[in-house]
Amino acid sequence: MIIDDIRSNTLLLEKLFRMEGHEHISVIHDSTKALEAIEKEDPDVLLLDLSMPIVSGFDIMLALKARNHPLLHSILVITAYHDTEHRHRALQLGASDFLTKPFDPREVALKVRHLLETVRQRKLHEKQNLRLEVMLMEHTLQISELQEEYVLRLIQTMKHRDNETGRHLMRMSHYVYEVAKQLGLEEGFCNKLKHASSMHDIGKVAIPDEILLKKGRLTPEEFDIMKQHTIIGAELLSKSKHEVLILGEQIALSHHEKWDGSGYPNHLKGEEIPLEARIVAVCDVFDALTSVRPYKPAWPVDKALEEILQQSGVHFDPTIVEAFCEVSTEIVKIRNMWLE
């Protein structure tokens with residue numbers, strides 16, 4: 001595209017470019033229509049006169065700069081100015097080079113050819129980068145699908161041992177997702193946490209049936225064995241490079257830690273406990289309270305919520321408790337959905 005109000009200049013340049021074999025040439029004499037023409041025609045190279053009435057070449061460059069327009073770096077400035085001040089200003093605004101009047105036809109042809117090749121290489125590079133981004137997104141999606149399938153298969157393993165455990169895991173994962181969203185965590189992380197939380201009790205696969213399925217309270221010795229499911233679960237999920245499984249490892253190990261440091265297995269206190277484990281802890285206890293266990297009936301929802309509130313700052317992170325209570329209506333809907 002050539003933008004110049006002097007027709008003799010544009011006629012000369014247009015004739016030169018046609019002789020060079022260029023077919024797509026646009027000429028603008030009215031600089032007030034220049035920006036509209038640029039947006040409509042999207043040229044690869046712009047030959048721009050600086051000295052024009054109403055809207056100068058500098059005005060056009062400033063407008064392109066304000067829009068961060070890619071054409072800004074493909075401009076050959078047409079100028080009769082020889083002073084450095086005008087040239088420096090044009091370069092500061094993004095001009096690539098200058099065409100000084102009167103024109104040297106060979107110089108014009110070479111500079112335009114060089115700039116067109118630069119633009120072609122840049123577009124090729126952008127296209128390659130876009131292709132790489134698409135490939136990376138596809139690869140990431142495949143990994144995500146693989147992680148999700150792995151988690152679902154682990155849940156199936158738990159279901160084979162105890163169907164209530166299977167329903168518990170489904171409720172848990174949805175509770176955790178809702179609380180994480182309420183905390184303002186990023187959507188992608190909330191989804192990963194949803195899958196990872198399903199593995200919080202995976203270590204129970206190694207607990208003997210006579211303890212895991214016992215109809216009644218555990219003895220202190222049996223409870224010590226049961227507590228090992230946190231360490232076993234973390235070991236099962238350890239040494240992974242995938243974020244879902246890394247989160248799952250932290251959750252499996254620390255979801256029985258307590259805010260006041262009286263939990264297990266490492267007696268972590270306050271924010272020493274990973275955030276993901278603190279979220280799961282509240283959701284896990286609520287679901288345990290509102291579910292039938294061999295040693296107790298299910299608590300009413302309002303009584304369970306009252307217990308959660310009473311344990312704020314003792315068993316649970318107060319911030320997590322607040323978020324849990326704020327989404328309690330949704331939590332109850334999820335509970336009812338996965339109750340049967």
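Predicted model: local features only at pLDDT ≥ 70, side-chain atom pairs only at ≥ 80, totals over all residues.

Trainee: Which elements have the lowest and highest mean pLDDT?

Mentor: Helix α5 (residues 105-161) is lowest at 70, and α13 is highest at 97. Helices (H or I, at least four residues) and strands (E, at least two) are DSSP runs, numbered from the N terminus.

Trainee: OK, how many residues does the largest nonpolar core have?

Mentor: That core has 36 residues, and Val-179, Phe-286 and Phe-324 have the most contacts inside it. The largest share, 7 residues, comes from α11. A nonpolar core is a set of buried Ala, Val, Leu, Ile, Met, Phe, Trp, Tyr and Cys residues joined through side-chain atoms within 4.5 Å.

Trainee: What does Phe-324 touch?

Mentor: Leaving aside neighbours within four places in sequence, Phe-324 is in contact (heavy atoms within 4.5 Å) with Val-179, Val-282, Cys-283, Phe-286, Leu-305 and Ile-331. There's also a second, separate core of 22 residues, which includes Met-1, Leu-46, Ile-60 and Val-77.

Trainee: Switching topic: is Ile-3 buried or exposed?

Mentor: Ile-3 has a relative accessible area of 0%, so it's buried. Buried means under 20% relative accessible area, exposed over 50%, and partly exposed in between (1.4 Å probe, protein chains only). Ile-3 lies in strand β1 (residues 2-3).

Trainee: How far apart are Ile-3 and Gly-57?

Mentor: They're 54 residues apart in sequence and 8.4 Å apart in space, C-alpha to C-alpha.

Trainee: Last one: what lines the largest cavity?

Mentor: Glu-257, Trp-259 and His-315 are among the lining residues, and the cavity's volume is about 40 Å³. On a 1 Å grid over the protein atoms alone, a cavity is a set of points where a 1.4 Å probe fits but cannot get out, and lining residues have an atom within 4 Å of a point. Grid points are joined across faces, edges and corners, and a volume is the space filled by probe spheres set on the points.

How values were computed:
Residues numbered from 1 in each chain as written. Heavy atoms only, no water. 1 Å grid on protein atoms, 1.4 Å probe; cavity = no way out; pocket = protein on both sides within 12 Å on 5 of 7 lines; lining within 4 Å. pLDDT = per-residue confidence, 0-100.
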